[in-house]
Amino acid sequence: VLEELEMDLALDFYNEALRVRQLHMNDDQKSAEIMFCLGRVYLDRSAYQDAIKFFEKSLTIRKKLLGESAEVAITYHKLGDTYFQSEQHEKALIFYGESIRINKKIDDKEALYRASLDMAHCCDEARKFQLAIECYSSCLQETNELEDDMNAALVMKRMGEIHMNELKNYRDATTLFLDALELLRAETELDETEEKAIVSLIFQSG
């Protein structure tokens, strides 16, 4: 109940801020930012059509004012999230793809990793497993550049699961599980739950 109340208050605040901004000020960039915030609140409420409406309005303004920028990339990403959560996977992949393209162009590695990971999850759900493998491979490249071994291990684990369970490629699955285990054990704080899970998968794939 408290969370719903907070969302209602956020919607009231952003709607009023947008009304005042559009009525008294000529600041499209700030209006686009408020629309983006409204989209996020509606997405949190699973009000997908409203979320799409405000994200698209924000995107139109941001593309016009900012070109291929971090703000445009995150708006594409959020549209991808909205379509993904509403189980419209094909549309989600289009928007994730645009976010990835722009993040590559502006060399935003953190954002590129997040967009690639979400696109990989979407491919998983859509049962596009080969494309999922390609997206997870992109995530691995970004984790290497970000020196993020823990997330690299988790990505390898998921790639191994796809190879084992969906593609029936047991040799590649085993290799990925072993590499994931090596990275995980190199971490300062070992996640024993993940370690046991990966060891179990190695036995299954072998």
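A: Tyr76, Tyr83 and Phe95 form one aromatic cluster. The model is predicted, so local features are given only at pLDDT of at least 70 and side-chain atom pairs only at pLDDT 80 or more, whereas totals for chains, interfaces and linings use all residues. Residues are numbered from 1 along each chain as its sequence is written, and side-chain values use heavy atoms, with hydrogens and water left out.

A pair of aromatic rings is described by the distance of the centres and the angle of the planes. Rings of Phe, Tyr and Trp (for Trp, the six-membered ring) are paired if their centres lie within 6.5 Å; planes under 30 degrees apart are called stacked, over 60 edge-to-face, and the rest tilted. By this rule there are four aromatic pairs. Tyr83 and Phe95 are stacked, because their ring centres are 5.4 Å apart and their planes stand at 10°. Tyr83 belongs to helix α4 (residues 70-85) and Phe95 to helix α5 (residues 89-106), so the pair ties together parts that are twelve residues apart in sequence. Helices here are DSSP runs of H or I with at least four residues, strands are runs of E with at least two, and both are numbered from the N terminus. Tyr83 and Phe95 are both buried, where buried means under 20% relative accessible area, exposed over 50%, and partly exposed in between (1.4 Å probe, protein chains only).

Helix α4 also contains Lys78, which counts as buried because its relative accessibility is 17%. Leaving aside residues up to four places away in sequence, Lys78 touches Phe36, Arg40, Leu43 and Phe55; contact means heavy atoms within 4.5 Å.

Of these partners, Phe36, Arg40 and Leu43 lie in α2, and they meet Ile74, Thr75, Lys78, Asp81, Thr82 and Gln85 in α4. By class, the residues of this contact are three nonpolar, three polar and three charged. Here Ala, Val, Leu, Ile, Met, Phe, Trp, Tyr, Cys and Pro count as nonpolar, Asp, Glu, Lys and Arg as charged, and the others, Gly among them, as polar.

Two packed helices are described by the angle between their axes and the distance between the axes. The axes of helix α2 (residues 28-44) and α4 come within 11 Å and cross at roughly 20°. These axes are lines fitted to C-alpha atoms over the stretch in contact, and the angles run from 0 to 180 degrees between N-to-C directions. α2 and α4 are therefore roughly parallel to each other; that term covers angles under 35 degrees, with over 145 being roughly antiparallel, 65 to 115 roughly perpendicular and the rest oblique.

Ser46 is placed in the loop between α2 and α3 (48-66). Its phi is near 60°, a positive value in a residue other than glycine. Most residues other than glycine have a negative phi. Ser46 counts as partly exposed because its relative accessibility is 41%.

Of its 206 residues, 43% count as buried, and the C-alpha trace spans about 65 × 40 × 35 Å along its principal axes.
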